[in-house]
Amino acid sequence: MIEILNDTELARAKVTGALVADILQALKARSTVGTNLLEIDGWTRDMIVAAGAESCYVDYEPSFGRGPFGHYICTSVNDAVLHGMPHDYALADGDLLSLDLAVAKDGVAADAAISFVVGDTQPPESLAMIDATQRALRAGIAAARPGARIGDLSHAIGEVLTAAGYPINTEFGGHGIGSTMHQDPHIPNTGRPGRGYTLRPGLLLALEPWIMADTAQLITDADGWTLRSATGSRTVHSEHTIAVTADGAEILTLPTPR
């Protein structure tokens, strides 16, 4: 399913997007050495409930997972990159943490992810990976405009990641979003320009470059959800929800200005 949102729905999407971004920034500020992943999940639940919103994750049961996810946020640490299930783990100095959050409010969903290093130890290799995904995300967003094709966005993202020297996995990538979290079209993190669905104003997309330091192969944890690099190398995930407008792309998952 591909949805094209009207002006009223787009206004709601902006509210949802800002909520997702604000929650992620609050969680980043609170996630310090010693913070337990289950604490992060609880904080997320409390903020979603306080905002009168709904989790897109708790009851989510897709074909690639094992049963309902059962948590409010994905917490992926070090070699975990996607769908990290919160569990009893206290963050250590130098851990590379990715937080992925999708929330629905007033019938419209938004999805975003951030990665950051916890504590005082800031490994340069980890910071370089974060920078690469953020630059790739900006490139994908810059390519999003009416008349462009999905392959144009994928190509722009892939060019940045490849130039930075990272392998690219295409099993999971960006996606359409609207009244539900995961919709068509699928947006791989590399591709050929001029191919795929043609973008139109009112289309919402979640772009999400993610990388593993030295492999494109994933393995799945015993929990049936958490995806890790097959080599144990570190991983990074960056994501924004955008709206295609007549003038290009508008990022919906930016924090509320303070």
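Select Thr35 and show its surroundings: leaving out residues up to four places away in sequence, Thr35 touches Arg30, Ile40, Trp43, Tyr89, Ala90 and Leu91. Keep in mind that this is a predicted model. Thr35 sits in the loop between α1 and α2. Is Thr35 buried or exposed? Its relative accessible area is 4%, so Thr35 is buried.

**Stop 1: the helices on either side of that loop**

Now select helix α1, residues 7–30, and helix α2, residues 37–50. Their axes come within 11 Å and cross at roughly 145°. The crossing of α1 and α2 is right-handed. Show side chains where the two helices meet. From α1, pick Ile23, Ala26, Leu27 and Arg30. From α2, pick Ile40, Trp43, Thr44, Met47 and Ile48. What classes of residue make up this contact of α1 with α2? Seven are nonpolar, one is polar and one is charged.

**Stop 2: the aromatic rings**

The whole structure holds five aromatic pairs. Start with Tyr57 and Phe69. Their ring centres are 5.9 Å apart. The ring planes stand at 70°, over the 60 degrees needed, so the pair is edge-to-face. Both residues belong to the loop between β1 (54–55) and β2 (74–77), and they are 12 residues apart. Both Tyr57 and Phe69 are buried.

Check the burial of each partner. Phe69 has a relative accessible area of 4%, so it counts as buried. Trp225 has 3%, so it is buried too.

Now widen the selection. Ring pairs join Tyr57, Tyr60, Phe64, Phe69, Phe172 and Trp225 into a cluster.

**Stop 3**

Next, select helix α3, residues 124–142, and helix α4, residues 150–163. The axes come within 8 Å and cross at roughly 155°. Why do α3 and α4 count as roughly antiparallel? The crossing angle of roughly 155° is over 145, so the two helices are roughly antiparallel to each other. Their crossing is right-handed.

On the α3 side, select Ala132, Thr133, Arg135, Ala136, Ala139 and Gly140. On the α4 side, select Leu153, Ala156, Ile157, Val160 and Leu161. By class, this contact of α3 with α4 has eight nonpolar, two polar and one charged residues.

**Stop 4: Pro146**

Finish in the loop between α3 and α4, where Pro146 is placed. Is Pro146 buried or partly exposed? Its relative accessible area is 32%, so Pro146 is partly exposed.

Show what surrounds Pro146. Setting aside neighbours within four places in sequence, its contacts are Leu199, Pro201, Val244, Thr245, Ala246 and Gly248. Draw a distance line from Pro146 to Gly248, C-alpha to C-alpha. The separation is 6.7 Å, although the two residues are 102 apart along the chain.

Technical notes
Residues are numbered from 1 along each chain as its sequence is written. This is a predicted model: local features need pLDDT of at least 70, side-chain atom pairs count only at pLDDT 80 or more; totals for chains, interfaces and linings use all residues. Side-chain values use heavy atoms; hydrogens and water are left out. Axes are lines fitted to C-alpha atoms, for helices over the stretch in contact, and angles run from 0 to 180 degrees between N-to-C directions. Helices (H or I, at least four residues) and strands (E, at least two) are DSSP runs, numbered from the N terminus. Angles under 35 degrees count as roughly parallel, over 145 as roughly antiparallel, 65 to 115 as roughly perpendicular and the rest as oblique. A crossing is left-handed if the near helix is turned anticlockwise from the far one by less than a right angle, and right-handed if clockwise. Contact means heavy atoms within 4.5 Å. Ala, Val, Leu, Ile, Met, Phe, Trp, Tyr, Cys and Pro count as nonpolar, Asp, Glu, Lys and Arg as charged, and the others, Gly among them, as polar. Rings of Phe, Tyr and Trp (its six-membered ring) pair if their centres lie within 6.5 Å; planes under 30 degrees apart count as stacked, over 60 as edge-to-face and the rest as tilted. Buried means under 20% relative accessible area, exposed over 50%, partly exposed in between (1.4 Å probe, protein chains only).
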